[in-house]
Amino acid sequence: MARNTSDSIEEYIKKLLSQSGIAEIQRSNLADTFQVVPSQINYVIKTRFTESRGYIVESKRGGGGYIRIAKVRFSDKHHMLNDLLNNLGSQVSEHVFTDFIQLLFDEGIVTEQEGNLVLATASDAVLGEEAPFIRSRMLRSLLLRLDRKGN
C-alpha cells in the first residue's frame with residue numbers, strides 16, 4: 001500500500017515519541033528531511049497530533065523555535081475520563097468525536113465493536129442540523145457512564 005508524505009511524517013514523530021515520550025522538532029529541519037515545505041509539517045501536526053487524539057503540542061516560533069509534542073499519559077482511567085470531560089465543549093464536530101472514540105479504543109476503554117456502534121449513531125446525516133450539540137451531550141453522557149462502569 002502506498003504511503004503519503006503526511007503518513008511518513010506522522011510515523012517519524014510517533015517514533016520519536018515512543019523513544020522518550022516527548023518529540024521536540026524544528027519545523028524547518030523536519031521539512032528539509034522530508035523535502036516538503038514547513039506548512040506541510042504544520043498540517044500534519046494540526047490534524048494528527050490533536051488534543052482529542054491525546055497529544056499536547058507546544059510551539060515556539062523564531063530562530064531557535066521548536067515544536068514539542070507529548071502524548072498525554074493518565075495515571076488511571078478515572079483521571080483520563082475526567083480530563084476529557086473537562087475539555088469537552090458544548091459542540092463537537094464529527095471529526096473530533098471520532099478522535100475521542102479512537103482514543104477511548106486506544107486506551108482499552110471501549111472495544112472496536114462498541115466504538116463502531118457509537119460512531120454509527122453520531123454522524124451529521126443521522127443527527128441532523130443540531131449534530132454538534134447532540135454529539136457533545138452524547139460524549140458527555142458516554143464519558144460519565146464509562147467512569148461509573150466497573151472495568
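Okay, let's start with helix 5, which gives the most to the lining of the largest pocket: three residues. Helices here are DSSP runs of H or I, at least four residues, strands are runs of E, at least two, and both are numbered from the N terminus.

Quick word on the source: this is a predicted model, where local features need pLDDT of at least 70 and side-chain atom pairs count only at pLDDT 80 or more, while totals for chains, interfaces and linings use all residues. Residues are numbered from 1 along each chain as its sequence is written, and side-chain values use heavy atoms, with hydrogens and water left out.

Back to the pocket. Its lining has 17 residues, with E51, S52, L84, N87 and F100 nearest the centre. Strand 2 (55-60), helix 4 (77-86) and helix 5 (94-106) are the elements giving two or more residues to that lining.

Helix 5 also holds H95. H95 touches T47 and R53, leaving out residues up to four places away in sequence; a contact is heavy atoms within 4.5 Å.

R53 also turns up among the contacts of K71, together with L17, G21, G54, Y55 and L103, again not counting residues up to four places away. K71 sits in strand 3, residues 66-71. K71 is buried but has no salt bridge, meaning a Lys or Arg side-chain nitrogen within 4 Å of an Asp or Glu carboxyl oxygen. Its nearest side chain of opposite charge, E107, is 4.7 Å away.

Notes: Buried means under 20% relative accessible area, exposed over 50%, partly exposed in between (1.4 Å probe, protein chains only). Lys and Arg count as positive and Asp and Glu as negative; His and the chain ends are not counted. On a 1 Å grid over the protein atoms alone, a cavity is a set of points where a 1.4 Å probe fits but cannot get out, and a pocket is an open set with protein on both sides within 12 Å along at least five of seven lines; lining residues have an atom within 4 Å of a point.
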